[in-house]
Amino acid sequence: MSGWLVIAGLGPGADHLVTPEVTQALAQATDVIGYIPYVARVAARDGLRLHPSDNRVELDRSRHALELAAAGARVVVVSSGDPGVFAMAAAVFEAVEAGPPEWRALDIRVAPGITAMLAAAAQAGAPLGHDFCAINLSDNLKPWALIEKRLRLAVEADFAMAFYNPRSKSRPEGFEKTLRILNDACGDARPVIFARAVSTPDQHIRVVALPDATPDMADMRTMVIVGASNTRIIARDGAPIVYTPRSVGA
Ligand code: SAH
């Protein structure tokens with residue numbers, strides 16, 4: 001039997017947000033590869049080998065998956081959210097490009113998932129209703145100066161902004177700097193959404209005005225969405241609705 005490799009997104013956390021395509025790939029797989037907490041979301045069964053690995057070994061993990069598929073296994077590499085968004089799909093293709101020519105002949109597919117940005121936006125209303133951008137605030141794979149440049153240009157372009165990896169224990173100062181840059185560049189009180197652990201039992205959504213946002217409001221399980229200059233809040237009993245109108249005047 002010939003092997004295949006599916007790079008799959010498990011969505012933000014809830015089982016009902018996993019697509020049928022991903023569920024089917026997992027049901028047919030012989031091997032599941034990924035970061036420990038994501039592999040832990042896959043139910044064990046006879047005939048399925050689970051290969052959890054630590055974070056930051058994406059290329060080793062990718063090569064392992066490609067070797068298994070080349071040897072005839074049916075392999076699913078799992079990411080949270082969508083595998084193409086700051087996750088394993090690009091890592092696997094980096095390994096394919098640098099690897100032996102026969103890897104290019106493999107049956108490789110990407111099965112999309114609901115990315116944290118969209119799950120978080122849906123909980124708050126429609127903050128991404130007009131043009132927006134997504135930025136990974138981790139400087140593991142790029143220099144901090146580039147993040148800073150992109151933040152300033154995103155404000156200048158008046159995008160709503162979705163931030164992945166806002167803050168980790170190893171780099172607590174990055175998000176503090178981010179808030180300083182945003183306050184400086186925006187100079188207004190646009191809404192900021194802190195959406196933590198969306199679609200899990202720990203979900204917590206908080207909406208504050210930009211000048212009131214503080215670094216401790218975010219951690220590694222938080223998606224931060226900063227509105228554009230015209231993003232609006234509809235106050236009501238209970239959680240407010242945050243939305244960005246679809247149009248901008250001339
Ligand atoms: N591929 C993933 C993103 C990986 S980067 C996706 O498409 O969602 C990891 C970052 O995603 C986290 O630091 C956090 O900012 C965000 N994230 C992932 N799951 C989340 C969730 N359930 N709630 C809020 N943010 C989440």
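## Pockets of the predicted model

Helix 4 gives the lining of the largest pocket its largest share, four residues. In this predicted model, local features need pLDDT of at least 70 and side-chain atom pairs count only at pLDDT 80 or more, while totals for chains, interfaces and linings use all residues. Residues are numbered from 1 along each chain as its sequence is written, and side-chain values use heavy atoms, with hydrogens and water left out.

A pocket is an open set of points on a 1 Å grid over the protein atoms alone, where a 1.4 Å probe fits, with protein on both sides within 12 Å along at least five of seven lines; lining residues have an atom within 4 Å of a point. A volume is the space filled by probe spheres set on the points.

| Pocket | Volume |
|---|---|
| Largest pocket | About 1600 Å³ |
| Second largest pocket | About 250 Å³ |

The largest pocket has 46 lining residues, of which Y38, S80, F86, N165 and M220 are the closest to its centre. Domain 1 (4-114) and domain 2 (117-243) both contribute to this lining, so the largest pocket lies between them; the domain bounds come from an automatic or database assignment.

L10, D15 and R41 are among the residues that line the second largest pocket.

Elsewhere, helix 7 (residues 173-186) contains T178. Leaving aside residues up to four places away in sequence, T178 touches L137, W144, L151 and F163, contact meaning heavy atoms within 4.5 Å. Helices are DSSP runs of H or I with at least four residues, numbered from the N terminus.

Notes
Helix = DSSP H or I, 4+ residues; strand = E, 2+ residues; numbered from the N terminus.
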